[in-house]
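Me: Hi! I'm new to reading protein structures, could you walk me through this one?

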Amino acid sequence: MADTSKDDLVELIKRIGTFLTLKFSNLSLTLDSRSIGAIAGLAFTVVFAWRILRTSSPQRRSPKRQAVIPGSSGVSSHFSENIATSEVSPPSEDSSAQNVIDEFFQPVKPTLGQIVRQRLSEGRKVTCRLLGVILEETSPEELQKQATVRSSVLEVLLEITKFCDLYLMERVLDDESEKKVLLALEDAGVFTSGGMVKDKVLFCSIENGRTSFVRQLEPDWHIDTNPEIVFQLARFIKYELHITPTKSERTAMNVFSSTSLEQFFGTV
């Protein structure tokens, strides 16, 4: 009966440990006094339960010295050995409890989905430039020849489409360039996952056309490589990510910079 109660208590500690781990992984997203109080209360419960577990475990007793009866030393010696063996309990209970504690405090690596939500500060609408961010090409002239989706960014891009309302946009020089971009995105599987559809890929004929798109859509995040557009939109957009090959100075508190989209989310 005691062993069953102890197993139940150990299982309770494991479940509380898993819950607290999830709480800590999302702590930066929901950090307020109520969350801190709840976590502190749960931590206190675990510690209290562990102390009860320790105090309720049977104490080892030292083997009593047995009197030796003359003429029966062989029997007494054998009897003493049996008692000593039965009195000394194996350290498996302490080892099992220690494993529970180690498992409780073992950090859990967050999933890519959790990282995306955390880095985007729970933003639900995102606008993003194609050239130099999603595509290998960096100029509209290159798009007249070909369009290639960067393989290293695909995993992050698909995760964003699952969580956010994503709009992709770019300046092109002709209709053929539009077709090449849409075909490249389709071949990469962008339209088969999440809520991404072709109608959310927007094209314009001038560079400032992206500024107009972003102002109309009013996203939580805009991702771009053009520093002038990033600067112009800083007053209107909650957050911006400037993709630049070189480290640049932060132009505003709501503007972040990274060498690539995947680097911003820590996947490279």
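**Chatting through the sheet and its contacts**

Reply: Happy to! Let's start with two strands: β2 (residues 165-171) and β3 run parallel and are joined by 4 bridges. Keep in mind that this is a predicted model.

Me: Which residue of β3 does R171 stand opposite?

Reply: R171 faces C204 in β3.

Me: How many bridges join β1 to β2?

Reply: Strand β1 (residues 125-129) is joined to β2 by 5 bridges, and the two run parallel. Within that pairing, C128 stands opposite L168 in β2.

Me: Back to β3. Are its residues V201, L202, F203 and C204 buried or exposed?

Reply: They are all buried. V201 and F203 sit on one side of β3 (residues 201-204), with L202 and C204 on the other, and both faces are covered. The general idea behind this is that side chains in a regular strand alternate between the two faces of the sheet.

Me: New topic: how many salt bridges does the count come to?

Reply: The count comes to 12 salt bridges. In general, side chains of opposite charge can pair when their charged atoms come close.

Me: What does D165 meet in a salt bridge?

Reply: The partner of D165 is K200, with 2.5 Å from N to O. D165 belongs to strand β2, while K200 is in the loop between α8 (175-187) and β3, so this pair links distant parts of the chain, 35 residues apart.

Me: Are those two residues buried or exposed?

Reply: D165 counts as partly exposed, at 23% relative accessibility. K200 counts as buried because its relative accessibility is 17%, and the cut-off for buried is under 20%.

Me: What about E170, which residue does it form a salt bridge with?

Reply: That would be R210, and the closest N and O atoms are 3.7 Å apart. E170 lies in strand β2 and R210 in helix α9 (residues 209-217), so the pair ties together parts that are 40 residues apart in sequence. E170 is buried, with a relative accessible area of 0%, and R210 also counts as buried at 0% relative accessibility.

Me: And R171, what does it form a salt bridge with?

Reply: R171 forms one with E207, where the closest N and O atoms are 3.2 Å apart. This pair links distant parts of the chain too: R171 is in strand β2 and E207 in the loop between β3 and α9, 36 residues apart. Through shared partners, salt bridges join R129, E170, R171, E207, R210 and D224 into one network.

Me: Nice! Now the aromatic rings. How many aromatic pairs are found?

Reply: Searching the whole structure gives 6 aromatic pairs. One of them is F264 with F265, an edge-to-face pair with 5.2 Å centre to centre and 80° between the planes. F264 and F265 are both buried.

Me: Which residues do the ring pairs link into a cluster?

Reply: The cluster contains W221, Y239, F256, F264 and F265.

Me: Where does the charged end of R250 sit?

Reply: Over the ring of F256, 4.4 Å from its centre. Another case is R124, whose charged end sits over the ring of F163, 4.3 Å from the centre of that ring.

Me: Last topic: what is phi like at E122 and E218?

Reply: E122 has a phi near 65°, a positive value in a residue other than glycine. E122 is in the loop between α5 and β1 and is partly exposed, with a relative accessible area of 35%. For E218, phi is positive as well, near 50°. E218 lies in the loop between α9 and β4 (221-224) and counts as exposed at 63% relative accessibility.

Me: What about the stretch around α5, which residues there are buried?

Reply: In helix α5 (residues 112-119), the buried ones include L112, G113, Q114 and V116. Just after α5, S121 has a positive phi of about 55°.

Key
Residues are numbered from 1 along each chain as its sequence is written. This is a predicted model: local features need pLDDT of at least 70, side-chain atom pairs count only at pLDDT 80 or more; totals for chains, interfaces and linings use all residues. Side-chain values use heavy atoms; hydrogens and water are left out. Buried means under 20% relative accessible area, exposed over 50%, partly exposed in between (1.4 Å probe, protein chains only). Two strands pair if DSSP finds at least two bridges between them. Rings of Phe, Tyr and Trp (its six-membered ring) pair if their centres lie within 6.5 Å; planes under 30 degrees apart count as stacked, over 60 as edge-to-face and the rest as tilted. A charge sits over a ring if NZ of Lys or CZ of Arg is within 6 Å of the ring centre and within 35 degrees of the ring normal. A salt bridge is a side-chain nitrogen of Lys or Arg within 4 Å of a carboxyl oxygen of Asp or Glu.
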